[in-house]
Structure formats: structure tokens, C-alpha cells
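Subject: Structure handover

Hello,

My notes on it come after.

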Amino acid sequence: MEKKNAWLSYKKREEKAVFALNEDYKKYLSASKTERLAVKNTIAEAEKQGFVNIETLIAEGKPVKPGDRIYAVWMKKTAALFVIGEEPLSAGMNILGAHIDSPRLDIKQVPLYEDKEFAYLDTHYYGGIKKYQWVALPLAMYGVIVKKDGTVVDVAIGDKPTDPVLVITDLLPHLGADQMKKDAGRIIEGEDLNVMIGSKPLEGEEKEAVKAQLLKYFKDVYDIEEDDFLSAELEVVPAGETRDLGMDRALVLGYGHDDRVCAYTSMRAILETASPKKTAVCLLTDKEEIGSVGATGAQSFFFENTVAEILNLMGETSNLAVRRALANSRMISSDVSAGFDPIYPGVNEPKNSAYLGHGICFNKFTGARGKSGSNDANAEYVAVIRKIMEDNKVAFQTSELGKVDQGGGGTIAYISAKYGMSVIDAGVPVLSMHAPWEAVSKADVYEAVKCYKAFLKDA
Ligand code: MN
Ligand code: MN
């Protein structure tokens, strides 16, 4: 059962392809720090590869036929890409599903305040974070402010070389004795995650002159008033580019590998898929980190509705066809695995751990305690997947999320499984998952694309 390191299997030319793919991935990840940006950048790539907006097809009443490349977007935060297959849709689809939201700090609705001549934006964290990791590092802010008249103002600050950055300050160790006695969950309190954005008073203002200066800045740069924050979605994320990690450049350090590394590789796989037997799908969902809820989360009917629309454009209007298309589908819930970290070996069971550089990692089940909340894929389906991986010479491994009773977690797998479709989790192993900077292996990114392409072709 010993698995070889994937790097050892590459000849010169393939190793070059591994590095080239990761250069493209690094650019995508640096440019996609929010779910909105991930959708925007994915759709831009898809349009270049001939994908057409389903809204256009619906408006023109254009029939859909095998080979067609279609995309659908909902609320700018979730998307689905389809390459229509030769077989009827009711025979099922091959679906790659990844999430494009990542842990971060969201700006509150009433965020702006001044305290002792510093101006701050107050935040509410999103997803599972270790709060102490988010202080004393350069931060960027992305998102939209929507004015009452519907004007959408895009905000992107902190990543251009000429931009300023933002920060949440930490206490100096000299005065940190009391702080350091607290348990790690409370060293930095959630309510203290306040992003400093300014400190220069506005001339002529008597009270809260720094806040006044910032309000003037917001007016001048974005043409917004203070109450426009009420209808804004602003996300604070680590500032800086995705970088090579290690002197051998074998790893990638970046913000939001969970789960944009699987979103990117799933996107690559579908962009490189033409005339499949079964309809190929890449589904990118939002809000996984907070339970896949909401209109753009995997639990929404967005995907089901889109399948119904496509069937309709193929002249198939019955609800039964939708049910059959979903029930007969096969899915890879493509989400990252917890990579084995030799600094913290105690949380894993070595035989059933994910190793960086050993390829795409399948999780038959996730969950906590007695597999609670897990999808637990069917053995028959796992056998199908194993065969596809071996036939296509994909480096793959299998793992559990930590040793028994150590913790646990979930993905979107159980949600799609509700339709009766076969679903298994598979993704790229990550070190420092949910930290501001996470690490993945370039070999695993490469094997993920190979895996997803093979799945779309052969499942
Ligand atoms: Mn994830
Ligand atoms: Mn996660």
C-alpha cells in the first residue's frame, strides 16, 4: 500500500508541465481572493474557451445540443459550467463540485469608528479561523458597496504594489504577560479583530477628525456616504501574492487554496474537455465554510434549476427528467484534504493520511466522531473511481480527516448525495489549512487536473 512520491514519476518534459500549470494557478489564486472574483475570473476563462451564458440561450430560445459549452451564474457568487455530452442528460452527468469561498474577516454593516485618533473598520470573522493568526500581518480588502440607486462600487485595496495595506495590531510581548496566559482561542478576541485604516486628522474638524478624514476619503475615491456600508460586502484577506514555497519551489504558498485549488483544477479540467460521452459539469459553490447555506451555497436550488433550464432547452420539460439527470449523476466533491504535517504527527493515523506530493487525495468519508455528518461513498463507486485513476495513470492516495476522535469536518458531498447520485470527496492536500497562508504541492495541483479530466472523460 506504500505510495510513491509523484515527483519521482515525472520525466523532464512532464516536470516542466507541472511547473507551467502552477504558474497559471498562482496567477488565478492571487487574482481570486473572494468568491465574486473567483466567479469573474473563471467566467472570463470560460468565455475565451467558447462557453456561452445560459441567459443568452434562454432569451434566444436556442436549442442545446451535444458539444455545446454553457455557463450559468447566480448572484455573481456561484457558477456552473457545462459541456453537453453525447448521451441524454437524463442518463446522468459527471460533476466536479468545488467551493470558492474561504475563511476571512467580513466588514460589519456599521463598521467605521475612531478610537484615540485611529480609525478602524470593525469585522465579523467568516468560517473557521484561529483568530490569533490574523493580527500583525498586511491585509487587503475586496468587495462591493451597493448604493441605494443600485450603483455597484468595486473595492480592491492592498494588493497593487502602490496600494497601502491594512492591519490588525497585536500587543507587544513586553506587556503581553496577561494575554499569553489566556487559551489560544481567546488570545485575540473576535470582537477585537478591528482593522486599522487611518490615523491622520482632518483639518478644521473638532471631534473625530480622523474618522472625518476617512469619510472624506470614501467620498472622494468611491463617492459613498457612511450609511452606504449598510449595503456592502467587504472582505478582509491577507495582502500579497501567491508565492513559490521552498528552495526547490515544489510547493505553493497562498491565501485560499481551500478550496480554490480544487475550483481552479476543476475549471481547467472542464475547459480542456470536448465532446464527452456524458455531460461534464464544473460547479463552483459559495458559503461552504459556513454550512453551504444561502441562495449561493450548495444547498440552494441553483444547480437543480440550471439543470432544468438546460433540459428545457433540449426539449425535455418533465420534472422526472430533472430527477433522473441528478440521480444518475456521478460527482467528485472536490475539496482539499488535511495534509500530513510532521510537526504535528499526533493528530493523524499514518496509514490513512494525505501526504503532500503523493497526488490527488480521495476521502471515502469525512465527518466527526462516528463519521457523523459524512457522505461515505459507496464501495461500488469507489471501485469505479479507482479504475479510472489507474487507467489514466493518475497519482492518487486516500485519507481520513485526522485520526479517530481527533476532530473532523465536512464538505458539500452530502448535499448532492441527497439526489441519490454517487459522490466522493477528492482534493489537494493542504498544510496550515484555514491559516492566512496555506501550502499545497505543485505535483498535487497537476495530478488534480489529471484526475478531474479523467473523471469527466471516463466516469
Ligand atoms: Mn473546503
Ligand atoms: Mn475549509
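The notes cover the domains, the contact between them and a metal site.

This is a predicted model, in which local features need pLDDT of at least 70 and side-chain atom pairs count only at pLDDT 80 or more, while totals for chains, interfaces and linings use all residues. Residues are numbered from 1 along each chain as its sequence is written, chains are lettered from A and ligands numbered from 1 in the order in which they are written, and side-chain values use heavy atoms, with hydrogens and water left out.

The protein chain is assigned domain 1 (6-102 + 255-458) and domain 2 (105-238), with bounds from an automatic or database domain assignment. Their contact (heavy atoms within 4.5 Å) takes 19 residues from domain 1 and 15 residues from domain 2. About 1,400 Å² is buried between the two, 57% of it from carbon and sulfur atoms; this is accessible area (1.4 Å probe) lost on putting the parts together, summed over both. Three salt bridges link domain 1 and domain 2 (side-chain nitrogen of Lys or Arg within 4 Å of a carboxyl oxygen of Asp or Glu).

The manganese ion (ligand 2) is coordinated by Asp258 (OD), Glu289 (OE), Glu289 (OE) and His434 (NE2), at 2.1 to 2.6 Å. Donors are N, O and S atoms within 2.8 Å of the metal (3.2 Å for Na, K and Ca); water is not among the atoms, so sites may look incomplete. Asp258 also coordinates the manganese ion (ligand 1), 3.4 Å from ligand 2.

Regards
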